[in-house]
Structures are given as C-alpha cells and as structure tokens.
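Subject: Structure for your files

Hello,

Here is the structure I said I would pass on. Please have it open while you read the notes below it.

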Amino acid sequence: MKCSLVLSEQGMFSLASAGVTTGWLRAWLMAAGAASVHVEWLHHDDWRHDLADWQLFVGQSDELEYIHRILSQDHVISSFKLDNPDRQGCCFRRGEHTAVLIPVGDVVFQRHHYLTCFNRGDVMRPLYVCSGEAQRLPLEAGLSASLEPPADASVLLNDTGLMIEEQVIALLRRRGLGLRSVESCTAGALVARLCRVPGASAVIDRSWVTYSNQAKHELVAVPEACIASHGAVSKAVVCAMAEGAIAEGVVSVAVSGVAGPAGGTPDKPVGTVWIAVAQPGQPTISRRLQLSGSRHDIQACSVVAVLQLLIAQLEAGAM
C-alpha cells in the first residue's frame with residue numbers, strides 16, 4: 001500500500017509544537033501496512049490527484065472541514081468510535097482508496113483508532129523503537145525505528161511503536177513509582193515532554209528548574225562546596241541534584257550541561273551533558289554525554305538520553 005501524508009503549514013507547526021515529527025507518523029503508518037509514505041502539502045492541491053491507496057490528512061478544524069466537503073462528494077463515509085472523550089470519527093472510502101482526517105490533537109493518543117481505518121482491523125506490525133539513529137526509519141534526534149528486530153538488541157526500547165514518554169509513564173505506573181526531575185540545561189523540557197501523555201498526573205510528582213548554582217543549592221540541597229570543587233556540569237553535581245530530590249516511592253532524574261552556543265571550555269566543551277537517575281536505597285546511576293548540533297538539538301537529545309537511562313533502570317528491575 002502506498003500512502004500520502006498530507007499536511008498544512010499550520011498542521012506542521014502544531015505537530016512540531018506537540019513534539020511529533022513526520023518520522024513518527026511515517027513509522028506508524030508503515031507499521032499499519034503502508035509500503036511507502038510520502039509527504040504532500042495541503043495548499044498545493046496535488047493531493048486531489050494523488051494515486052496513493054491511503055491518504056492521511058493532518059490539519060486544523062477548518063482545514064479538515066474543507067477536505068471533508070471535497071471527499072464526501074465521491075467517497076463513502078464510515079464512522080468509528082474515539083475515546084477521551086467518547087465521540088465519533090470518520091474515514092472516507094472509494095474502492096481500495098481510504099482517506100482519514102485527523103485533528104492535530106488526536107495524532108498521538110488516538111492514533112490506533114485511525115490506523116485501524118487504514119488496515120481494516122489487521123494486526124499492527126511490530127515497530128522496533130531504538131536509541132540512536134542507525135535504524136532505517138528516523139524518528140527524531142536520538143531515536144530511530146525498524147520493522148525488523150535490530151541487530152544490536154541493546155538499543156531496543158520497545159517493539160510496539162511507543163513514543164519514549166509513553167513508555168516511561170507506562171513503566172512508572174506499572175511499578176507504582178512517582179517521578180521527580182531536576183533540570184538545568186533542559187530548562188523543564190524533560191517534564192514537559194512527559195506531561196504530554198494522558199495519565200502523567202498519576203506519576204509526575206514535581207519538578208525543579210535549577211539553572212543557577214544558587215538554585216541547585218537552595219532547592220535540592222546540592223552542597224556549595226561540591227559545585228565549587230567540580231563545577232555545575234559534573235558527575236558529582238548531577239548526582240547530588242538527583243539525590244536531593246528523591247523520596248520514598250519516587251525515582252528522580254537530573255540533567256546539567258553546556259547547551260551552547262557559548263559557555264564551553266577545553267575540559268567541558270559545548271555539548272557536554274551529565275545525566276543521573278536516583279532512588280532511595282539504590283546506587284545513583286549517571287552518564288556523561290558529548291552531544292553536537294544546535295542548542296535545541298543538544299537540549300532535545302539530552303531529554304531523550306535521560307528518558308532512555310530511566311527506561312533501562314526500570315526495565316532492569318533495579319527499582
């Protein structure tokens with residue numbers, strides 16, 4: 001099956017604001033059975049003459065209403081149930097052609113309902129989400145996917161196409177754990193990503209943005225002597241940040257780094273980031289990252305790396 005992903009400029013902007021890439025959409029469609037996926041712009045109107053078997057339209061309400069009027073002229077409309085809240089969605093069929101209209105707000109957490117419209121209820125193929133960018137389907141910075149098991153099993157995060165924040169929330173809920181975060185260079189981006197997921201309130205307890213050294217000391221009790229001796233971007237400080245946030249039944253994560261474009265030194269160049277995961281009664285786990293790219297790239301990859309480290313610890317059962 002050939003599939004076209006039809007986006008408006010506003011739809012693309014809204015997707016980016018929600019943290020969803022076309023890479024994720026392409027991968028989910030291929031897991032549903034698409035052999036190939038190409039992207040088209042809604043305003044070009046080429047989609048009206050597209051010969052793809054499937055068309056997925058992502059846009060704002062007024063844009064989708066416009067497409068609805070056009071497709072309803074020569075397609076059969078089928079309805080299906082959506083939840084959260086309960087309501088009806090619709091798809092359009094003409095012979096073997098299927099078109100689905102999806103508001104940006106439904107893209108992630110209602111995706112299975114929409115994908116089922118395309119493959120008519122067939123079982124989804126496994127989608128192997130992996131750390132790193134070596135797999136055939138790029139998802140976002142620091143993540144890629146494949147429809148086949150990766151040669152290196154150690155990079156596998158999940159085989160069901162879950163976004164990394166969905167996986168973390170599900171694991172925490174299953175373990176009955178809460179989560180706290182202490183962020184410096186990511187400035188709250190980590191907890192903001194987790195809180196996109198419905199049900200995050202069941203596990204997210206609190207978060208601190210401790211950009212200054214004073215905040216690290218005052219809010220999560222990082223010793224001033226530790227900061228003076230090792231610097232804010234160090235193993236000792238990031239472990240102290242994570243340990244200063246822990247509580248019974250709560251795991252904590254921390255991140256501190258040099259996101260750039262200035263601020264680097266020969267010993268700690270731009271892209272140097274320390275991350276840590278801590279829990280009462282367990283050794284604190286930390287990692288040093290050496291990242292590259294823009295300030296946004298470094299921040300985004302740092303968030304992904306923290307969540308990967310947390311997943312590894314949760315999956316290992318150490319918590």
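The notes below cover helix packing, aromatic pairs and one arginine.

This is a predicted model, in which local features need pLDDT of at least 70 and side-chain atom pairs count only at pLDDT 80 or more, while totals for chains, interfaces and linings use all residues. Residues are numbered from 1 along each chain as its sequence is written, and side-chain values use heavy atoms, with hydrogens and water left out.

Helix packing

Helices and strands here are DSSP runs (H or I, at least four residues, for helices; E, at least two, for strands), numbered from the N terminus. Helix H2 (residues 22–32) packs against helix H4 (residues 111–119) at an angle of about 45°, and their axes are 9 Å apart. Axes are lines fitted to C-alpha atoms, for helices over the stretch in contact, and angles run from 0 to 180 degrees between N-to-C directions. H2 is therefore oblique to H4 (under 35 degrees is roughly parallel, over 145 roughly antiparallel, 65 to 115 roughly perpendicular, and the rest oblique). On the H2 side the contact (heavy atoms within 4.5 Å) is made by Trp 28, Leu 29 and Ala 32, and on the H4 side by Arg 111, Leu 115, Phe 118 and Asn 119.

H5 (residues 164–175) packs with helix H10 (residues 295–316) at an angle of about 35°, the axes being 10 Å apart. In this contact, Ile 164, Gln 167, Val 168, Leu 171, Leu 172 and Arg 175 of H5 meet Val 304, Leu 307, Gln 308, Leu 310, Ile 311, Leu 314 and Glu 315 of H10.

Arg 175 is partly exposed, with a relative accessible area of 33% (buried is under 20%, exposed over 50%, partly exposed in between, with a 1.4 Å probe and protein chains only). From Arg 175 to Arg 196 there are 21 residues in sequence and 20 Å in space, C-alpha to C-alpha.

Aromatic pairs

A search of the whole structure gives four aromatic pairs. Rings of Phe, Tyr and Trp (its six-membered ring) pair if their centres lie within 6.5 Å; planes under 30 degrees apart are stacked, over 60 edge-to-face, and the rest tilted. One of the pairs is Trp 47 with Phe 57, whose ring centres are 5.1 Å apart with planes at 85°, so the pair is edge-to-face. Trp 47 lies in the loop between strand S2 (36–41) and strand S3 (54–59), and Phe 57 in strand S3, so the pair ties together parts ten residues apart in sequence. Trp 47 and Phe 57 are buried.

Phe 80 and Tyr 114 are also edge-to-face, because their ring centres are 5.3 Å apart and the planes are at 80°. This pair links distant parts of the chain, with Phe 80 in strand S4 (residues 76–82) and Tyr 114 in helix H4, 34 residues apart. Both Phe 80 and Tyr 114 are buried.

Regards
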